[in-house]
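Hi,

Here is the structure I promised to pass on. My notes follow below it.

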Amino acid sequence: MRLFIEIAMRAFRLQMSYRAAAIAGLLTNFFFGILRAVVLIALYDGREEMLGLSLQAAITYTAITQAVIGYLSAFSWYDVANTVYSGEIGSDLLKPINFYSYWMARDFGRAMAALLTRGLPIMVAYEIFIDISFPNFLLNWGLLILTVLLSWVVSFSWRFIVNLPSFWIPNAFGIGRFFFMAALFFSGFLMPLRFFPDWVVKLAYLTPFPHTVNTVVEIYLGVLSPVEIWLAFAWQVGWIVALILVGQWILKLGLRRLVILGG
Amino acid sequence: MASIIAVKKLDKHFKVRKFHRGRFSGFQNFFTREHHLVRAVDGVNFEIQSGELIGYLGPNGAGKSTTLKMLTGLLVPTGGEINVDGFVPSKQRKEYVSRIGAVFGQRSTLWWDLPVFESFELLRHIYKIPEKLFKKNLDEFRELLELDTFINTPVRSLSLGQRMRADICAALLHDPKILFLDEPTIGLDVVAKERIRQFIQHINQDRGTTVILTTHDLSDVEKLCNRILIIDEGKLLYDGQLEQLRQKFGGKRQLVVDFFENYPEATIEGAEIVEINGARITFEFERDSIAASDLIGRLSSKYRIRDLEVKEPEIEETIRRIYEQQLLK
């Protein structure tokens, strides 16, 4: 655990050292956030509410989704695949560490830095320029923090898996791109899932993706009943367990292949 | 003394994809998969005693790095056995790697965008190095490797020589029993090379760390190693002292003489003239047929000598001859 924190701390500092990238990312996220908010306002066309979502909630939704782009590395994340291709993985394997937790710690540090440098400023800017809603009870804040953390674990555990084809094929980015695209759609990033027809939502919930962005959004906006909230947590935890197990199992096969065939 | 590394009949074979050439080769390559076998390491045996400093030599693609990767557990052998300090490297990875240090010269183990010291601190936690030992080691290495000027600089801004020093330091902080160095002086200037050599020697003599280094730079080997292994095309060609190798395959020695006057035909029995440059004449002679002292005696009895010098064949030259003429096969 101590080691996890030490690794995460350095990954955090590393991420914080990319100041120009953070500022550029922040501006981009904010710009597109405004764009998306404007589109939603046009879509609502003067109506107060659509499919159980008030206009303010819808705008808040764009704020949250834009705020977690960096935190969840929503568009791409190939850090592990890159070390496989660069051979850097060799030096990591020469250290007495668990490869899986090592990367989890690194990504945790990175995610926390992104939350701080991109997530928070976006929420604040939204609040200043456009009015957004905030969870109203202390309990809701607690639930929110919990689900935000869990959403990162879900996100990390699937992102880790889509990096693993790099052990077998010379270009794993294509496979990765497919999953990141699917994730944007099914996580409710492009549109709140409840705006989609039933069958799309059902399809989405066959994947782990809604348990990242969509769950965070729904708990933040307080549209879930208490039972639904606990169910959402249960789903997040369930997916985490499954994805981590699958990830470690594929990793084991990949490492075996790597040491037998060579990089 | 018991050996710390024992390698028996070590093999590593790779399947390499064969590509067709010529017309329609694109289709052929798409639909067929033919492989041919490359024996990167082929039946290698050696034993290394604790505290030795070994040079592992060979031309590019000889199998040096592959051997080193198997010794560090990064590759599983196709056949044969490796035992390092009681471990089979590719198994029990975590336990094993905490006992060794390794530097692969082309790559860094340090975090690229963080200050050097941050990486060292992280290694302290990764290897669970006791605070005191860490401080003692770091203080010593900082001085010997002159790290102080750049220890707070991000790795990406370091020069190659600085980065290499930092990497070597990183590999030794946890007091490994064995240190593997793959091309530790590659691309460095003379001064940087010398500093690293001295440091390696210090670690080996002072701490008794067993060191195995692969290199292209024979001056590394000449200055550091008492024993060398030569590998080519996967096979171990030589295992022994550098000096013996030189004596056996060293070729001709040279005697360069400056005379007081010009002697155009200063011939002497047992040596050939290879160059006449004014009063300076260069002779070449076989080490087996005549001793240098005899030769000098014969010369000085006939001619007036101002100065002279015996030149050993360059080790570089010797090894090149061994590779090219395949003298050891």
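At what angle do the axes of helix α6 and helix α7 of chain B cross? Roughly 10 degrees, with the axes of α6(B) (residues 160-172) and α7(B) (residues 190-207) coming within 11 Å. Axes are lines fitted to C-alpha atoms, for helices over the stretch in contact, and angles run from 0 to 180 degrees between N-to-C directions. α6(B) and α7(B) are therefore roughly parallel (angles under 35 degrees). Met164(B), Arg165(B), Ile168(B) and Leu172(B) of α6(B) touch Arg195(B), Ile196(B), Phe199(B) and Ile203(B) of α7(B) (contact means heavy atoms within 4.5 Å).

Before the rest, the conventions. This is a predicted model: local features need pLDDT of at least 70, side-chain atom pairs count only at pLDDT 80 or more, and totals for chains, interfaces and linings use all residues. Residues are numbered from 1 along each chain as its sequence is written, chains are lettered from A and ligands numbered from 1 in the order in which they are written, and side-chain values use heavy atoms, without hydrogens and water.

Now chain A against chain B. The axes of α1(A) (residues 2-16) and α4(B) (residues 116-126) come within 9 Å and cross at roughly 165 degrees. These two helices are therefore roughly antiparallel (over 145 degrees).

Chain B overall: eleven helices and 13 strands (DSSP runs, H or I of at least four residues for helices, E of at least two for strands, numbered from the N terminus). Its C-alpha atoms fill a box of roughly 75 × 60 × 45 Å along the principal axes. Of its 329 residues, 49% count as buried (under 20% relative accessible area, 1.4 Å probe, protein chains only).

Best wishes

Note on methods
Angles under 35 degrees count as roughly parallel, over 145 as roughly antiparallel, 65 to 115 as roughly perpendicular and the rest as oblique. Buried means under 20% relative accessible area, exposed over 50%, partly exposed in between (1.4 Å probe, protein chains only).
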